[in-house]
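Here is a walk through one protein model, written for someone who already has it open on screen. Have a look at the fold, then read on.

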Amino acid sequence: MQLPVPWSRVWLWSFIGWTAYVVIITLEIHLANLNQVNPGGRYPPLWRQFMIQSVGGIYWFVCTPVVFAASRRWPLIGRGALRHVAILIAMGFTLHAGGILTEHWTWPLVRRSTRPALPSHLLYGVIYQMLIFGMVVAAAHAVDFRALWRRGRLQALELRSQLLEARLQALSMQLEPHFLFNTLHAISELVYRDARAADQAIARLADLLRSTTANAGRPQIALAEEVGMLEAYLDILRLRFGDELRITCRVDPELRDARVPPLLIQPLVENAMRHGLRAGAGVIRIDVLEDGGRLRIDIADSGVGFSSLAPREGVGLSNTRLRLQHLYADRHVVEYGRAPEGGALVRIVLPIEGATS
């Protein structure tokens, strides 16, 4: 198991942990000595008790990174777990012996008393030292597993983000040919009727294609760019239907920098043309404004309206709804209703992102 935690952090937390351990044990022993019934007893002063406990603390501070490395090399799960347990137990006894020898050697210096017999000293401290070793091994595994869990969670989030981007890209690829074919069909009707208007429509279509190509792969663009593409499409409609079609487009100038998905409004206008208006005659109203701290887009027409509260969704509406769901989850609203003009009203409400006041 590869340790994902930096060694500098292991050393830092080892220092903090063992320093706290020495301080707590020192205070506990010192208070216990003060509360002894024997008032004439002589006990080491606080500073000497701190030195006594510091010997073990320093020893385990140095050994803790070694135990972390061993836990990484021989983890207690996976293949060879039983063999790893035996290796770590042997290592624990070895570190126990090293700790006792260190304490035995420093005994006269810090305790100012005669050393106990080494065999009895080794047996006396074995349970305590092995418990310490076991806690360090458990801490090493806990730290590793937590870091690996966080890494796995980040990788899962990154993968989910990539999948969402791929779906958005697929939805955009689905929308753009649909829009292009319908626009070309609209221009083709002009070719034999009004060559000059057809030429102007082709020029506006070229502008529109340049904009869509420049924005390819971008999940969001500035509202000003979206409105620029929309105006090119509306010009094509005006050239095709002339005075029979009246289109108004009002955009709050303070929202020009707000971020919206590309080709958000155009499919809804196209739906109004194909399913709402008869033979391109009527009114289409587009309003983009701020409403209660959110961005509201209304597309209304004077056509036949919706036959039900849940109209059948074609490529444009279903594509728009799916893209908004991927980008905003539950932070957006798509509503259908009756427009003041008597036809259909589609309302989209989004959070304002990136707008300047």
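## Cysteines, a sheet and a buried aspartate

Let's start with Cys-249, which is partly exposed at a relative accessible area of 23%. On this scale buried means under 20% relative accessible area, exposed means over 50%, and partly exposed is in between (1.4 Å probe, protein chains only). Cys-63, by contrast, comes out buried at 8% relative accessibility. Are there any cysteine pairs to point at, or how many disulfides does a search of the whole structure find? The search finds zero, where a disulfide would be a pair of cysteine sulfur atoms within 2.5 Å.

A word on ground rules: this is a predicted model, so local features need pLDDT of at least 70 and side-chain atom pairs count only at pLDDT 80 or more, while totals for chains, interfaces and linings use all residues. Residues are numbered from 1 along each chain as its sequence is written, and side-chain values use heavy atoms, with hydrogens and water left out.

### The chain overall

The protein chain has nine helices and seven strands. Those are DSSP runs numbered from the N terminus, helices being H or I with at least four residues and strands E with at least two. Of the 357 residues in the chain, 39% are buried. The chain exposes about 20,300 Å², and carbon and sulfur atoms supply 61% of that; the areas come from the Shrake-Rupley method with a 1.4 Å probe, and for residues only the protein chains shown count as cover. Among contacts in the chain with a separation of 6 or more, 73% are between residues 24 or more positions apart, a contact being heavy atoms within 4.5 Å.

Now for the open sheet: five strands in the order 2-4-5-7-6, with mixed pairing. Strand 2 (245-251) and strand 6 (333-338) are the edges, each pairing on one side only. From one strand to the next the twist averages 10 degrees. Two strands count as paired if DSSP finds at least two bridges between them.

| Strands | Direction | Bridges |
|---|---|---|
| Strand 2 and strand 4 | parallel | seven bridges |
| Strand 4 and strand 5 | antiparallel | eight bridges |
| Strand 6 and strand 7 | antiparallel | six bridges |

Helix 7 (residues 223-241) lies across strand 2, strand 4 and strand 5 (294-301), running at about 170 degrees to strand 2. Such angles run from 0 to 180 degrees between N-to-C directions, with axes fitted to C-alpha atoms, for helices over the stretch in contact.

Asp-287 sits in strand 4 (residues 282-291) and is buried, at a relative accessible area of 5%. Which side chains does it meet through polar contacts? Arg-250 at 2.8 Å, and Arg-285 at 2.4 Å. A polar contact is a pair of N or O atoms within 3.5 Å; within protein, one must be able to donate a hydrogen and the other to accept it, and residues adjacent in sequence count only if both atoms are side-chain atoms. Leaving aside neighbours within four places in sequence, Asp-287 is in contact with Arg-250, Arg-296, Ile-297 and Asp-298.

### Loops and helix 8

Most residues other than glycine have a negative phi. Leu-263 has a positive one, near 55 degrees; this leucine is in the loop between strand 3 (259-260) and helix 8 and is buried, with a relative accessible area of 4%. Ala-329 also has a positive phi, about 55 degrees, in the loop between helix 9 (315-328) and strand 6, but Ala-329 is partly exposed at 33%.

Helix 8 (residues 266-276) is mostly covered, with nine of its eleven residues buried; among them are Gln-266, Glu-270 and Asn-271.
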